[in-house]
Amino acid sequence: MTSETITADAAGTWKSGDLSVNRVGFGAMRLTGSAAFHHGTPSDRGRSIAVLRKAVELGVDHIDTAAFYFSALRSANELINTALAPYPDGLVIATKVGPHRDQGGDWGTSARPEQLRGNVEENLRQLGRDHLDLVYLRRMGQDSIAEHFGALAELREDGLIRHLGISAVEPRHLAEARAIAPVVCVQNRYALDRPDPEADELLRLCGEQGIAFVPFYAVAGEVGEQGATAAHDDEVLNVARAHGASPAQVRIAWTLHQGPHVLAIPGTGNPDHLAENVAAGALRLTPEELARLNGAREQTG
């Protein structure tokens, strides 16, 4: 399939409240280097800025980032600010708060509820904004998210945040959060080669409740923060050949086929891969192809 003229609206849109985005967005994690965080080689700054501007040209109106997305030389938020400010109307920038990395890149103790305002203000400063469109509470293993989510709900009331989401959660946390404030997005790990009954349940609950489900590492699969996987099931390769597509495009398309409320946020620092990722939104899998891919996924588990 060609990717030259395909834009992000090919996958359709999703609207929750006053938040409307094309279903193919962009994840900023890989902007900072060849692998996430400090694992790879820091990226070329000019190329990363060009990728961001190209993403917007291709109709991407949903960018997922975080203050803790940085490598030895690059900050995702700084790159976004430099490339896109003043921000175009309709561009939704989502960020996550809770985790903390020190300047050396090591993970530190996650934020306490009273520290989340500082997390939010850090993102505001880095992005050069007076409010954040969407903020996820990234759960860091705590049993209850009520106190943390409640702190973000207060910041929403203060006007620093428009919409709230939750990330890395179990199904019970969705009910816990919704009892406090509206939840418009759930971001969890979810991939074709990583069967997870709990994630499947969250996917179903979000669909029933009109909440966007936003998988991360959908292309990376098991290798996660190290980058895109090179290990593809035979069925993925067969479907890719049938459509003249790449395996990564098939993985993105399969993700989008899981429901109209599912959003994709593939990330890259490569402009060619960016165009391919966006074009995957136009890839339509047949019921037979989906059945084969789903069967292979079940066998993986």
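I began with Ile63, which lies in strand β4 (residues 62-64). Helices and strands are DSSP runs numbered from the N terminus, with at least four residues (H or I) for a helix and at least two (E) for a strand. I noted that the model is predicted, that local features need pLDDT of at least 70 and side-chain atom pairs pLDDT 80 or more, and that totals for chains, interfaces and linings use all residues. I also noted that residues are numbered from 1 along each chain as its sequence is written, and that side-chain values use heavy atoms, with hydrogens and water left out.

**Entry on Ile63.** I looked up the accessibility of Ile63 and found 0% relative accessibility, so Ile63 counts as buried. Buried means under 20% relative accessible area, exposed over 50%, and partly exposed in between, with a 1.4 Å probe and protein chains only. I then listed the contacts of Ile63, leaving aside neighbours within four places in sequence; among them are Phe26, Leu52, Ile80 and Leu84. Contact means heavy atoms within 4.5 Å.

**Entry on the sheet.** I traced an open sheet of seven strands in the order β3-β4-β5-β6-β7-β8-β9, with parallel pairing. The edge strands, each pairing on one side only, are β3 (26-27) and β9 (212-216). Two strands pair if DSSP finds at least two bridges between them.

I followed the bridges along part of the sheet. Strand β6 (residues 132-138) is joined to β7 by six bridges, and Tyr136 stands opposite Gly165 in β7. Strand β7 (residues 161-167) is joined to β8 by three bridges, with Gln187 in β8 as the bridge partner of Ser167. Strand β8 (residues 185-189) pairs with β9 over five bridges, and here Gln187 has Val214 as its bridge partner.

I checked how covered these strands are. Six of the seven residues of β7 are buried, so β7 is largely enclosed by the rest of the structure. In β8, four of the five residues are buried.

**Entry on helix packing.** Two packed helices are described by the angle between their axes and the distance between the axes. Axes are lines fitted to C-alpha atoms, for helices over the stretch in contact, and angles run from 0 to 180 degrees between N-to-C directions.

I found that helix α1 (residues 45-57) and helix α2 (residues 76-84) pack at about 60°, with their axes 9 Å apart. The residues of this contact of α1 with α2 divide into seven nonpolar, two polar and three charged. Ala, Val, Leu, Ile, Met, Phe, Trp, Tyr, Cys and Pro count as nonpolar, Asp, Glu, Lys and Arg as charged, and the others, Gly among them, as polar.

I found that helix α5 (residues 171-178) and α6 pack at about 35°, with their axes 9 Å apart. Pro171, Leu174 and Arg178 of α5 make this contact, with residues of α6 that include Leu202 and Leu205. Helix α6 (residues 197-209) also lies across β8 and β9.

**Entry on the backbone.** Most residues other than glycine have a negative phi, and most peptide bonds are trans. I noted a cis peptide bond from Ala85 to Pro86, with omega near -5°; Pro86 lies in the loop between α2 and β5 (92-97).

Ala168, in the loop between β7 and α5, has a positive phi near 55°. At 25% relative accessibility, Ala168 counts as partly exposed. Tyr217 has a positive phi of about 60° and is found in the loop between β9 and α7 (234-243). At 17% relative accessibility, Tyr217 counts as buried.
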